[in-house]
Amino acid sequence: MVRRPWGQMSDSQTQSAPTGSRQSAVSRKLTHGSLFTGVGLIDLGLEWAGFETLWQVEREPFALKVLEKHWAEVERFYDVKGCGKQNLRPVDLISGGFPCPDLSPSGKKRGLGTPTDPTARSGLWYEFMRITRELRSHWVLIE
């Protein structure tokens with residue numbers, strides 16, 4: 001048995017890639033959608049790793065200016081509550097850092113609330129969860 005470094009594929013794996021709906025990452029670019037994007041640092045890292053960002057959801061004016069400068073061609077949405085499978089394209093990975101002041105030790109420690117009565121900011125976690133359930137991406141990255 002030949003041992004290979006972590007993550008290295010055998011020759012048989014690199015020569016034949018799956019076809020159809022199980023296409024390999026080698027034959028197509030992985031896609032990414034970004035919730036609570038901020039200034040796009042997660043997006044930048046994922047692009048360096050080979051992902052293509054298809055959409056971003058952000059509402060803060062300063063962050064939107066930064067996103068427009070660096071990702072002018074990316075589809076952008078402003079209200080996470082109005083987003084879902086009806087207007088977000090399917091992606092391989094959904095990322096986001098939902099607001100967490102209600103969870104922070106230095107914050108008011110109100111928690112998430114409930115889906116029917118969420119806290120003002122951190123309760124947006126439920127929107128994140130709803131969108132990931134609707135889009136059914138392969139991966140989710142929560143910051």
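Ser-34 is buried, its relative accessible area being 2%, in this predicted model. The residue belongs to strand S1. Its side chain forms a polar contact of 3.0 Å with the side chain of Asp-43. Beyond the residues within four places in sequence, Ser-34 is in contact with Asp-43, Trp-55, Gln-56, Val-57 and Ser-95.

Asp-43 counts as buried because its relative accessibility is 1%, and the cut-off for burial is under 20%. A second polar contact, of 3.1 Å, links the side chain of Asp-43 to that of Gln-56. When residues up to four places away in sequence are not counted, Asp-43 touches His-32, Ser-34, Thr-37, Thr-53, Gln-56 and Trp-71. Between Asp-43 and Trp-55, which are twelve residues apart along the chain, the C-alpha separation is 10.0 Å.

These residues may now be placed within the overall fold. The protein has four helices and five strands, and from the N terminus on the elements follow the order α-β-α-β-α-β-β-α-β. Of its 143 residues, 38% count as buried. Contacts between residues at least 6 apart in sequence include 50% that join residues at least 24 apart.

The nonpolar interior comes next. In soluble globular proteins, nonpolar side chains tend to be buried together. Here the largest nonpolar core has 18 residues, and those with the most contacts inside it are Leu-35, Phe-36, Trp-55, Val-57, Val-80, Leu-88 and Ile-131. Both S2 and H4 supply at least two residues each to this core, and the largest share, five residues, is that of H4. Leu-35 illustrates the packing: leaving aside neighbours within four places in sequence, its contacts are Trp-55, Val-57, Val-80, Ile-94, Ser-95, Gly-96, Gly-97, Phe-128 and Ile-131.

Helix H4 spans residues 125-135, and its buried residues are Trp-125, Tyr-126, Glu-127, Phe-128, Ile-131, Thr-132 and Leu-135. What do the buried residues of H4 pack against? Their packing partners are S1, strand S2 (52-57), S4 and strand S5 (139-142).

Most residues other than glycine have a negative phi. Arg-136 is located in the loop between H4 and S5. At 68% relative accessibility, Arg-136 counts as exposed, since the cut-off for that class is over 50%. Phe-36 likewise has a positive phi, near 50 degrees, in a residue other than glycine. Its place is in the loop between S1 and H2. Is Phe-36 buried or exposed? With a relative accessibility of 15%, Phe-36 counts as buried.

Strand S1 (31-35), helix H2 (41-48) and strand S4 (93-96) are the elements that give two or more residues to the lining. H2 provides the largest share of the lining, three residues. By residue class, the lining comprises ten nonpolar, six polar and eight charged residues.

A further loop residue deserves attention. Gln-86 lies in the loop between strand S3 (75-77) and S4. Gln-86 is exposed, its relative accessible area being 57%. The side chain of Gln-86 reaches the backbone oxygen of Gly-82 at 3.1 Å. Gln-86 and Leu-135 are 49 residues apart in sequence, and their C-alpha atoms are 9.6 Å apart in space; Leu-135 is one of the buried residues of H4.

Ile-131 is one of the buried residues of H4 and is in contact with Leu-35.

Methods. Residues are numbered from 1 along each chain as its sequence is written. This is a predicted model: local features need pLDDT of at least 70, side-chain atom pairs count only at pLDDT 80 or more; totals for chains, interfaces and linings use all residues. Side-chain values use heavy atoms; hydrogens and water are left out. Ala, Val, Leu, Ile, Met, Phe, Trp, Tyr, Cys and Pro count as nonpolar, Asp, Glu, Lys and Arg as charged, and the others, Gly among them, as polar. Buried means under 20% relative accessible area, exposed over 50%, partly exposed in between (1.4 Å probe, protein chains only). Contact means heavy atoms within 4.5 Å. A nonpolar core is a set of buried Ala, Val, Leu, Ile, Met, Phe, Trp, Tyr and Cys residues joined through side-chain atoms within 4.5 Å. A polar contact is a pair of N or O atoms within 3.5 Å; within protein, one must be able to donate a hydrogen and the other to accept it, and residues adjacent in sequence count only if both atoms are side-chain atoms.
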